[in-house]
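Work through the following exercises with the model open beside you, and try each task before reading its solution.

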Protein chains: 2
Amino acid sequence: VIRVVGVDLGGTKVQGVVLHGTEVKQDERVETPPGGPDAIVRAIVELVDSLGGTKHADAIGIGVPGAVDHHAGVVRRAPNLPDFGEDVPLASLVADALKVERVVLSNDVGAATVAEHHLGAAKGSDDVLTVFVGTGVGGGLVLGGHAVHGATGAAGEIGHTVVVDGGRPCGCGKSGHVESYAGRACIEREARRRHAAGEPTTLVELAGDGRMKSGVLAKALAEGDAMTIELLDEAVRALGAGIASAVALLDLSLVVVGGGVADKLGPAFVARIEEAVRSRLFLATSPVRVVAAALGDLSGAIGAALVATT
Amino acid sequence: VIRVVGVDLGGTKVQGVVLHGTEVKQDERVETPPGGPDAIVRAIVELVDSLGGTKHADAIGIGVPGAVDHHAGVVRRAPNLPDFGEDVPLASLVADALKVERVVLSNDVGAATVAEHHLGAAKGSDDVLTVFVGTGVGGGLVLGGHAVHGATGAAGEIGHTVVVDGGRPCGCGKSGHVESYAGRACIEREARRRHAAGEPTTLVELAGDGRMKSGVLAKALAEGDAMTIELLDEAVRALGAGIASAVALLDLSLVVVGGGVADKLGPAFVARIEEAVRSRLFLATSPVRVVAAALGDLSGAIGAALVATT
């Protein structure tokens with residue numbers, strides 16, 4: 001059995017798992033430190049130590065929120081990691097610090113897609129789209145049983161497909177994207193804009209001085225806050241349109257919805273997305289189902305480990 | 001050298017080519033007869049005879065406007081062929097009538113995509129979307145060098161991806177699709193609706209009692225007809241948004257635009273679509289180019305022949 005440590009390097013926390021074959025033996029997390037690559041490498045060393053060290057690990061996989069050169073082991077661009085410039089040779093930095101030979105980088109969302117496909121909600125399905133609804137909206141694709149990377153390794157950006165041309169601004173600078181309506185950061189911006197314009201909502205009070213987290217959305221929804229209901233209706237519609245378009249283009253059999261927002265809003269949110277997709281299907285005969293992700297927020301770390309085994 | 005006859009079975013005409021290896025030796029066409037499968041088979045026999053018969057043909061490929069079961073040689077659904085019910089065993093009907101062993105069915109748009117990929121504008125490209133703008137808007141996909149069929153063989157429907165959720169009605173019964181704005185039939189319906197509501201346009205006069213053909217659109221545009229300019233602006237925007245979404249999702253390197261409307265409107269139309277795609281690209285680093293199809297309306301017949309050789 002291959003034993004691998006998988007690490008999911010996030011903007012707020014770094015999560016790790018020990019994977020023996022397909023079994024998760026242990027998981028731990030530390031806060032993402034400020035201070036750039038050196039501090040990140042130290043946090044990864046600390047995390048791996050807390051997981052029992054590298055003595056029994058054949059390899060380490062690291063999922064990174066950004067563009068990575070898988071073969072070179074270099075992070076090309078990771079705007080959400082503190083003080084990461086361009087071209088950080090993270091694989092060799094970690095390999096040197098931990099004295100392990102094999103360190104493999106992957107994109108975090110791509111890794112999570114691999115995890116859901118091999119061990120999660122998409123196990124056994126050959127034509128799958130994953131949609132992770134969190135601060136932004138990311139995704140990954142499996143077609144004919146194989147992960148789709150695209151011409152430059154950037155495939156899967158379901159969050160930046162257009163559902164209302166010329167519509168609401170997106171965090172990326174364009175507009176009318178799925179993420180414009182369904183990403184947490186875009187929902188927060190829209191809620192604060194409407195609130196500042198005089199529209200009442202409990203969202204702003206619940207968030208206080210901090211970020212309007214997914215849990216805040218869930219709480220305001222449970223309380224029946226009108227603006228929250230409306231914003232989440234818009235999110236469901238945008239996800240429905242974007243996913244239905246992907247189904248028309250790719251004839252998918254399965255869509256897996258995960259991410260922080262989907263986790264907090266629960267099965268009812270995923271069921272509403274499935275209904276929104278169904279009402280927009282081009283082919284009534286499409287076999288597509290929309291289901292919740294199965295691995296929760298460990299999918300990135302598990303997937304990073306899986307990628308390192310192959 | 002393999003010698004194959006390729007047939008493109010259209011709603012108004014049946015076109016045929018003789019392909020020797022990758023070279024088109026001859027092409028012919030007959031009108032699509034009314035009268036169902038028997039009449040269609042007789043028309044195909046006549047067409048193949050006019051191309052020199054089957055004496056020197058190793059196989060016959062037939063592209064069909066609808067859903068086909070490639071392996072069984074059966075047409076499952078072809079709403080645009082006169083009097084085709086469900087499940088017509090066209091491959092064996094043609095094989096018997098022409099006394100040839102190998103008759104291979106394919107979807108016409110899928111076949112045209114294979115042709116553009118192997119011999120046309122997408123030769124040498126591994127991640128390609130084709131978009132055929134005609135009465136409707138169809139398309140096909142090549143990823144990693146291989147044609148994408150999807151879970152049920154229905155992949156490629158770029159025309160039925162959503163660009164304005166809740167927008168203009170589409171021929172398919174849903175709304176806000178690329179085809180709603182860019183398909184000839186939808187443009188015609190919108191033009192006649194606006195004209196009936198009192199908006200002036202030369203489109204309706206130019207069309208007379210018949211269909212508002214692609215040539216009519218081109219003529220009205222050349223004359224500076226205000227409604228035509230507006231409708232084609234909307235078509236370009238919808239194609240730009242739909243294609244940009246496909247690029248975000250699939251990280252394509254090339255998009256090939258063909259079909260009757262694109263052929264009649266010429267290179268300026270394709271250039272405007274490329275501009276509309278560029279202005280909507282999620283990744284500025286995307287290598288994608290948008291180019292005109294190279295094989296014109298023979299792409300379906302050539303592709304049907306290519307599919308029959310493999």
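Residues are numbered from 1 along each chain as its sequence is written, and chains are lettered from A in the order in which they are written. This is a predicted model, in which local features need pLDDT of at least 70, side-chain atom pairs count only at pLDDT 80 or more, and totals for chains, interfaces and linings use all residues, while side-chain values use heavy atoms, with hydrogens and water left out.

**Exercise 1. State the confidence of the prediction.**

Begin with pLDDT, the predictor's confidence in each residue, from 0 to 100; chain A averages 95, and 100% of its residues score at least 70. For the complex, the predictor gives an ipTM of 0.94 and a pTM of 0.94.

**Exercise 2. Determine how chain B is related to chain A.**

Superpose the copies by least squares on the C-alpha atoms of residues with pLDDT of at least 70 in both; a rotation of 180 degrees with 0.0 Å of shift along its axis brings chain B onto chain A, at an RMSD of 0.0 Å. That is the relation of a two-fold axis. The same surface serves both copies, since 100% of the contact residues of chain B recur in chain A.

**Exercise 3. Describe the interface of chain B and chain A.**

First take contacts (heavy atoms within 4.5 Å): 40 residues of chain B touch 40 residues of chain A. Next take buried area (the accessible area, with a 1.4 Å probe, that two parts lose on being put together, summed over both): the chains bury about 3100 Å² between them, 63% of it on carbon and sulfur atoms. D165(B), L249(B) and F282(B) supply 22% of the area that chain B buries against chain A, more than any other three residues.

**Exercise 4. Locate salt bridges across the interface and within chain A.**

Apply the rule (a side-chain nitrogen of Lys or Arg within 4 Å of a carboxyl oxygen of Asp or Glu); two salt bridges cross the interface of chain B and chain A. The side chains of D165(B) and R280(A) form a salt bridge at 2.9 Å, N to O. Over all chains, the search of the whole structure finds 32. Within chain A, D297(A) and K13(A) pair through their side chains at 3.5 Å, N to O. D297(A) lies in the loop between β12 (289-292) and α11 (299-309) of chain A and K13(A) in strand β2 (residues 13-20) of chain A, so the pair ties together parts that are 284 residues apart in sequence; these helices (H or I, at least four residues) and strands (E, at least two) are DSSP runs, numbered from the N terminus.
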